Amino acid sequence: MNSLWKTDKYETDGCMPPKDIIEEQFRFLNDRTDGKVIGRVKEYEGEYQSKYETDRSLFDLTSPVYGVTDPLKARKAFDVQSVLGEQSEFVYEFYLTSVETPKYKYRIGIIDYSVLLYPAHLVLELSLAKEIGIDAEINIDNQELFIEILSKILNSKRVSSVIANLLRINGTDVQ
């Protein structure tokens, strides 16, 4: 029997993983600050999405409509699609620190995505999200939108202040 696999090369759509985009921007930051302010992207294993409990009264209102009378049965429903496909994600925190403050970090956010890269899920520090006018937890559908949002984040007053103060702590004049 012959191979059933494609005979041509596997093509990508040219998208970079969000992690690589952030790391590239942190290399630019490193150059701009003469290595004094450091941006890091690290694997993250903690909780990274807010969780909300189901409102029991909502179940009571909708169950007669959908014919579900036992809330335990509704919670135990099995969908085979939930066990097919991807079963893990790439989750990274990204933050700022400096040469003089290696134990300090200003966590800008957490990004998670699958091997398909997009949509990606971004969680930002709340005051930063408010400043740039987006929700603190958002789904980003494509690379272009991710780069647009990342640009707003990196150019925000909040991030600029953190960088300026890290430079001051490192004894560097801020420009």
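Select strand β3 (residues 106-113) and strand β4 (residues 120-124): they pair in the antiparallel sense over four bridges. Strands here are DSSP E runs of at least two residues, helices H or I runs of at least four, both numbered from the N terminus, and pairing takes at least two DSSP bridges. Now pick Gly109; its bridge partner in β4 is Leu124. A word on the source: this is a predicted model, where local features need pLDDT of at least 70 and side-chain atom pairs pLDDT 80 or more, while totals for chains, interfaces and linings use all residues. Residues are numbered from 1 along each chain as its sequence is written, and side-chain values use heavy atoms, without hydrogens and water.

Next, show the whole open sheet: five strands, antiparallel, ordered β1-β2-β3-β4-β5. β1 (37-43) and β5 (137-140) are at the edges with a single partner strand each, so one side of each has no neighbour in the sheet.

Angles go from 0 to 180 degrees between N-to-C directions of lines fitted to C-alpha atoms, for helices over the stretch in contact. Helix α5 (residues 143-154) also packs on the sheet, touching β3, β4 and β5; contact means heavy atoms within 4.5 Å.

Finally, which residues have the most contacts inside the largest nonpolar core? Select Leu96, Ile108, Ile111, Leu122 and Ile153, out of 32 residues. Such a core joins buried (under 20% relative accessible area, 1.4 Å probe, protein chains only) Ala, Val, Leu, Ile, Met, Phe, Trp, Tyr and Cys residues through side-chain atoms within 4.5 Å.

Key
Buried < 20%, exposed > 50% of the residue type's maximum accessible area, 1.4 Å probe, protein only.
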